[in-house]
Amino acid sequence: MIRLIPLDAHPIFHRLGGAVAVSLGASLGTLPWVGLYFQEFPWIGLVCNVFVGPLLGMIAVPCALMGQSHSFGGVVLVLGDAAIELSHRILQWLVCEPLYIAFDEWDVIIIFVIFLFRRMDIARLMALLVLVVFPRCVPSETKVSFLPVGQGDCTLIEWSDGSVWLIDVGPPSNALLRMLRREKIGHIDHLFLSHPHLDHMGGLKYLLGEVTIGSFWTVREPIKEETQYREIFQRLLKHEVIIQYPNHTPPPAVRILHPHNQWKSGSKSYVNEESLVFDVNIEGKSFLFTGDIGFEAEDILLEHGELMNTYDVVKVPHHGSHFSSGKTFIQAVQATHVVIMCGRSNRFGHPHLTSIARWRKSTIWRTDEDGAIVFEPENAMFWSQSLVKP
């Protein structure tokens, strides 16, 4: 009589199950910290620990040690080499992108609460799965967030229809990418670059390839001397991002005000003066984004006469520089709220006291002091909270 042994009773399957359990337990135990600090979960490591680990630890390494003996060194070295080759082939077959997960402090607390429940293994795994793969919650009301990315500009607009815009992306740092991952934002419909200076475009090198971009709005193509801008431009073309210029038709609710007809500045700070300037009607409220323009570009805007008589929110030009925010310009825009985007104790001394004094009739918000500044246009409600540390 042939006796059938249940698979789960066989020693091999017991060991395999134990290896899977150990690997899974270690991965789950480190999940909160991996999601909080690294935002990547190498899920394929579970498989590698079960198959590749034993091949290397139980065969390749012992064979390498035994190979030191002249008695049977050749045989065991061949066996060890075969184990390494098999491990290499398995790893090649398993090459894939990690699972991108991003937790904030509240998510970590929730995970620890989930871990507290005993004898509910399936329920705990399902709860963790929901937390990891839960889709982005589209805000019920449009939200404009001026992000504290240090000495630079970055504004995030989350529309109530689910579309997302970015206006500048801050200096070279992965801080913006980490914030977008935490918010589960993987697609930007429109990205506006005011001008090709690193404090406004540096974060793009971290976004490209990680976040899809529908269209990229910029003032012009890079020139020969702009090495970093040219590299970013080439990567945009490689990822087949649609590139748009001031003479193209802008998205609905947007008016591009500057530069017109390929206007060129005569200033030494021509890159700043040629910044893309536009206003946006967001849920009935008017926003003016000014890049890093100075007095020269402000005068051109006044000459064209396209500025609105009043604006609900103005992004202050050039981080509150002494060489921008002229009195005539401030009187023309009649801003209810102004936002100054700058880093704490920055070496440029931004914002300058004279610039702050000129805007004194408006409510002044500063990313170096207030952190993230959020505005809900529909409710005309401002508040500040730290989304990204400056």
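# Reading burial, cores and salt bridges

User: Val113 is partly exposed, at 40% relative accessible area. What does "partly exposed" mean here?

Analyst: Buried means under 20% relative accessible area and exposed means over 50%, with partly exposed in between (1.4 Å probe, protein chains only). The areas come from the Shrake-Rupley method with a 1.4 Å probe, and for residues only the protein chains shown count as cover. This is a predicted model, in which local features need pLDDT of at least 70 and side-chain atom pairs count only at pLDDT 80 or more, while totals for chains, interfaces and linings use all residues. Residues are numbered from 1 along each chain as its sequence is written, and side-chain values use heavy atoms, with hydrogens and water left out.

User: Where does Val113 lie, and which residues form the nonpolar surface patch?

Analyst: Val113 lies in helix α4, residues 105-116. Helices (H or I, at least four residues) and strands (E, at least two) are DSSP runs, numbered from the N terminus. A patch is made of residues with over 30% relative accessible area and no salt bridge; like charges are joined within 9 Å, and nonpolar side chains (Val, Leu, Ile, Met, Phe, Trp, Tyr) within 5 Å. A salt bridge is a side-chain nitrogen of Lys or Arg within 4 Å of a carboxyl oxygen of Asp or Glu. Here Trp106, Ile109, Val113, Leu116 and Phe117 form the patch, with about 580 Å² of accessible area together.

User: What are the totals for the chain?

Analyst: The chain has 14 helices and 16 strands. Of its 390 residues, 47% are buried. The chain exposes about 21,100 Å², of which carbon and sulfur atoms supply 60%.

User: Which residues have the most contacts inside the largest nonpolar core?

Analyst: In soluble globular proteins, nonpolar side chains tend to be buried together. A nonpolar core is a set of buried Ala, Val, Leu, Ile, Met, Phe, Trp, Tyr and Cys residues joined through side-chain atoms within 4.5 Å. The largest one here has 29 residues, and Leu166, Leu176, Leu180, Leu191 and Leu207 have the most contacts inside it. At least two residues of this core come from each of β4 (154-158), β5 (164-169), α6 (175-182), β6 (187-192), α8 (204-207), β7 (212-217) and α9 (227-238). A second, separate core of 24 residues includes Trp217, Val254, Ile282 and Phe375.

User: What does Leu166 touch?

Analyst: Contact means heavy atoms within 4.5 Å. Not counting residues up to four places away in sequence, Leu166 touches Cys154, Thr155, Leu156, Leu176, Leu180, Ile188, His190, Leu191, Phe192 and Leu207. For the chain, take contacts between residues at least 6 apart in sequence: 67% of them join residues at least 24 apart.

User: Which residues of α11 are buried, and what do they pack against?

Analyst: Ala297, Glu298, Ile300 and Leu301 are the buried residues of α11. Down the axis of the helix they fall within an arc of 160°, so they line one face of α11. The arc is that of the directions from the helix axis to the C-beta atoms. These buried residues pack against β9, α10 (270-273), β10 and α12 (327-333). Leu302 also lies in α11, which spans residues 295-304, but Leu302 is partly exposed at 26% relative accessible area. Leaving aside neighbours within four places in sequence, Leu302 contacts Leu307, Thr328, Phe329 and Ala332. Gly305 follows α11 and has a positive phi, near 65°.

User: How many salt bridges does the structure hold?

Analyst: Side chains of opposite charge can pair when their charged atoms come close. The structure holds eight salt bridges. In one, the closest N and O atoms of Lys143 and Glu158 are 3.8 Å apart. Lys143 is in strand β3 (residues 143-146) and Glu158 in strand β4, 15 residues apart. Lys143 is partly exposed at 21% relative accessibility, whereas Glu158 is buried at 4%.

User: What parts does the salt bridge between Asp153 and Lys315 tie together?

Analyst: The closest N and O atoms of Asp153 and Lys315 are 2.7 Å apart. Asp153 lies in the loop between β3 and β4 and Lys315 in strand β12 (residues 311-315), so the pair ties together parts that are 162 residues apart in sequence. Both residues are buried.
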